[in-house]
Amino acid sequence: MTFAHEWTQLKQDAAGRMRLDSADKGSSGGAGDLKSSKVAWRKAGEGVGSLREGIANALTKLDEGQKGLGKDAGCQTAAAQRAVLDSWKRYAKDVSKRCGELRKAMEQTGHDHANIDQAVKDEVDKLKAKYEDTPAVGGRTAHG
């Protein structure tokens with residue numbers, strides 16, 4: 001059995017057990033329902049990453065809405081409001097960081113999926129070359 005045949009069979013077997021939705025026409029993968037698209041992963045990553053802009057706008061509006069509050073406005077309500085504001089700002093910044101990291105991970109996943117077939121074949125070819133059998137002794141001659 002050749003590597004290509006065996007690898008195709010493994011992908012077909014996996015395709016019967018898995019399904020990745022939202023893959024578009026540029027998908028790669030084996031037969032069946034298993035599809036992976038670098039474009040789909042990139043778009044999903046961009047969608048998650050674009051949330052950061054909305055979060056930044058919300059933080060700006062929070063700051064603008066609290067301009068007159070100051071660090072210590074001299075009343076307990078203002079101090080409590082400042083504490084809540086600081087807490088929400090910290091939370092929103094953490095969500096923004098998480099979105100950025102998730103975007104990177106999703107885009108890397110798309111890149112990895114797009115290159116995995118060739119990478120696996122390259123690794124197997126390296127092993128074949130490294131452990132290639134020596135020619136048989138006493139077998140066929142060059143002429144027959």
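This briefing walks through the fold, the salt bridges and the surface of the structure above. It is a predicted model, where local features need pLDDT of at least 70 and side-chain atom pairs count only at pLDDT 80 or more, while totals for chains, interfaces and linings use all residues. Residues are numbered from 1 along each chain as its sequence is written, and side-chain values use heavy atoms, with hydrogens and water left out.

**Overall fold**

- The protein chain has 3 helices and 0 strands, where helices (H or I, at least four residues) and strands (E, at least two) are DSSP runs numbered from the N terminus.
- Along the sequence, the pattern reads α-α-α.
- Of the 144 residues in the protein chain, 18% are buried; here buried means under 20% relative accessible area, exposed means over 50%, and partly exposed lies in between (1.4 Å probe, protein chains only).
- Taking contacts (heavy atoms within 4.5 Å) between residues at least 6 apart in sequence, 53% join residues at least 24 apart.

**Salt bridges within a helix**

- The structure holds 5 salt bridges, each being a side-chain nitrogen of Lys or Arg within 4 Å of a carboxyl oxygen of Asp or Glu.
- One of the salt bridges joins glutamate 46 to arginine 42, with the closest N and O atoms 2.9 Å apart.
- Both glutamate 46 and arginine 42 sit in helix H2 (residues 38-65), 4 residues apart, which is about one turn of the helix.
- Glutamate 46 counts as partly exposed at 31% relative accessibility, and arginine 42 counts as partly exposed at 36%.
- Another salt bridge pairs glutamate 123 with lysine 126, where the closest N and O atoms are 3.2 Å apart.
- Glutamate 123 and lysine 126 both belong to helix H3, at a spacing of 3 residues, about one turn of the helix.
- Glutamate 123 is partly exposed because its relative accessibility is 44%, whereas lysine 126 is exposed, with a relative accessible area of 53%.

- Aspartate 63 forms a salt bridge with lysine 89, and their closest N and O atoms are 2.9 Å apart.
- This pair links distant parts of the chain, with aspartate 63 in helix H2 and lysine 89 in helix H3 (residues 76-130), 26 residues apart.
- Aspartate 63 is partly exposed at 34% relative accessibility, but lysine 89 counts as buried at 18%.
- Leucine 59 is also found in helix H2, and it is buried, with a relative accessible area of 13%.
- From C-alpha to C-alpha, leucine 59 and lysine 89 are 6.5 Å apart in space, although 30 residues separate them in sequence.
- Setting aside neighbours within four places in sequence, leucine 59 is in contact with Lys89, Ala92 and Lys93.

**Surface**

- The protein chain exposes about 11,200 Å², and carbon and sulfur atoms supply 55% of that area; accessible areas come from the Shrake-Rupley method with a 1.4 Å probe, and for residues only the protein chains shown count as cover.
- Leu62, Val84, Trp88 and Tyr91 make up a nonpolar patch on the surface, with about 430 Å² of accessible area together.
- Patches are made of residues with over 30% relative accessible area and no salt bridge, with like charges joined within 9 Å and nonpolar side chains (Val, Leu, Ile, Met, Phe, Trp, Tyr) within 5 Å.
- Helix H3 gives the most to the nonpolar patch, with 3 residues.
- Tryptophan 88 lies in helix H3 and counts as exposed at 53% relative accessibility.
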